[in-house]
Amino acid sequence: MQKDMLLGSEAIAEGVKLARPKIIPAYPITPQTHIIEVLSEMTAKGELDATFIRVESELSAAAAAMGASQAGVRTFTATSSHGLALMHEVLHWIVGARLPVVLVNANRAIGSPWNIWTDQTDSMTQRDLGWLQVYCETAQEALDTILQAFYIAEKIQLPFMVMIDGFILSHTLEEVLIPSQDEADEFLPPYKPEYFLDTNNPMSFGAAAKGDIFYMLRKSIEETMEGSFDYIDEAHKRFEKIFKRKYGLIDTYLLDDAEIVFVVAGALAGTTKVAIDTLRKNNVKAGLLKIRYFRPFPKKEIVDALKGDKKVVVFNKALSFGSSGQITQEIKEAFYYEDKKPVLYDYILSLGGKEVFVENIVDLANNLDNLDKFKILWRE
Amino acid sequence: MDFREIANVEYLNQGDFACPGCAAGLSMRHALKVLGDETVIVMPASCWSIIAGGLPTTALQVPLMHVPFATAAAVASGVKNAFKEKGEPDKNVVCWAGDGGTFDIGLQAISGAAERREDIIYVCYDNEAYMNTGIQRSSATPPGAWTTTTPAGNPLIFEKKDMFNIIASHNPTYVATTTIAFPNDFYAKFEKAKNATGFRFIHLLSSCPPGWRIDSKDSVSAMRLAVETGIFVMMEKEGEQEIKVTYKPEEFKPVKEYFKLQGRYKHLDEETINIIQERINKRLKKLNLL
């Protein structure tokens, strides 16, 4: 273990290096670029024994990752925003093919109009694919999540998407503990798939399936998703044992006695914690629920955390137009059969990088009684 | 070539889903006889997505990966590099795509793979329209030809996209056109492609009885006539060498004979046929064949 000051992007590249992928196809897009620049450098210097494929589009990045993974090697790619959208068709195919590709998405708005700043529209609109999704708060969490992602994805044969906030996490320096290669190897064994493109055992992958078989295959994906909680839990315990850092499906801050709870995914959790400290000084009992895993969605943990007479403000950085913020939808759904439901506020806090300051959150908490819980709430 | 030398081994199982007379099935059968069992096929959406058989069966005795329409060359790049990383650099990673997946939706990925000098063989079996979806025009559809989206014939303002030269301009290891109607030419070109490394591209003319509106017994004759009338020229380019035409009939037949066989051209009047004949002559002169 070694301590260093790293950009979020550099921390991710360190995590990827420690995971020893063999193929990294990637196409540049702001704000993901630093990740793939550092990985290019690592492969060029021989620090990372992998092939970096400079593809001509994100569609091809996803496609090449899929091919490499189907050939049976550990595969990583990274993208953002429009890039993730362009990958969409292949992201579906990777799930159907049950390939454990790990992808980092630097969360960024999608045009029109052009906007390079952060929100979660890109990954939220990919939530139904069958990729696992984790939203990271810090560079350390991002690095650690990469190792966990490969471990879990390869156990359950589903792909894994790791989210960091563009710029806020990707382009800021943070003190990061970098595990040693030996520690990483102890955590993450080499990838040995059962089925792959093998000329000694030729078989066909992805051939047309009629309804009965197709239905059964899709059901098995959902069953794997539901069963993945056990593997995630095992990965977290294993991780804590080796690296002494503890992770869960969700994270909380001053939640137990909180009367107002903010729900956040991503780096905004940091700002929210400062706002909560300010509110607590003024005797407002505020707390935080950080959603780490969005897929699979940890309903049970979230219901346990939010039950009681709490007022819950869900901070969304994306929305499903004509409905509500996606995180709000998920929490409402989780509470449908619960007798006691919290009061939920569906707040669209930021899109396209609209700045969120501590005082915005403090003001919001102080004006909570004026908010209409039946409407999507917008800032001035 | 002595036909007794053709490998007796079959990599195409009995009982595939090709239409009677389908040249795409025939082409695969013979291509695999050359390529052998150290071959992996990457297949985008095409007639072959069906021909290969439904899950859990497969028509091929080599590993096969079905992939989305636009992605074959990119997927193959990933597959090949993964084999290299695994210490198995000699596998033939072969894209097997139709004209839609090559001339149209897959072109960007092909250009990328060719430019990156990916060590793959890309085979396009060109039946000159989207046949699997029911005969819609592609940019490989020749001017004049009927399809369901060109009900009055593909307008003469269009030219079939010049895929050979598009690929050749990427300076690949090998680029060739051929058809299984000329097995000697076909086998020689697949041998060359197999024995080279780097980006290799083979464009196959591939007749389609339902789409071309021909009797299945005329499938091979139609492809032969395409070559003998000069509407399809069999040629190749190896590395830096000049383009070489690999077959020249003693005398080119009029294109009318090729059209006559096919229902997709039956609406063409004399004037239109003459315009198309002029275009063919012009191209043949350019290639020093007339």
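Me: How many Å separate the centres of domain 1 and domain 2 of chain A?
Reply: The centres, taken over C-alpha atoms, are separated by 27 Å. This is a predicted model, where local features need pLDDT of at least 70, side-chain atom pairs count only at pLDDT 80 or more, and totals for chains, interfaces and linings use all residues. Residues are numbered from 1 along each chain as its sequence is written, while chains are lettered from A and ligands numbered from 1 in the order in which they are written.

Me: Where are the bounds of those domains in chain A?
Reply: Domain 1 is 2-243 and domain 2 is 250-378; such bounds come from an automatic or database domain assignment.

Me: How many residues does the contact take from each?
Reply: Domain 1 of chain A gives 26 residues and domain 2 of chain A gives 19 (contact: C-beta atoms, placed from the backbone, within 7 Å).

Me: Which element gives the most on the domain 1 side?
Reply: α8(A) does, with 5 residues (helices are DSSP runs of H or I, at least four residues, and strands of E, at least two, numbered from the N terminus).

Me: Switching to chain B, how do the axes of α1 and α7 cross?
Reply: Helix α1(B), residues 23-35, and helix α7(B), residues 183-195, have axes that come within 9 Å and cross at roughly 45° (axes are lines fitted to C-alpha atoms, for helices over the stretch in contact, with angles from 0 to 180 degrees between N-to-C directions).

Me: Which residues of α1(B) meet α7(B)?
Reply: His30(B), Ala31(B), Val34(B) and Leu35(B) do, and their partners include Phe186(B) and Lys194(B).

Definitions and conventions. Contact = placed C-beta atoms within 7 Å.
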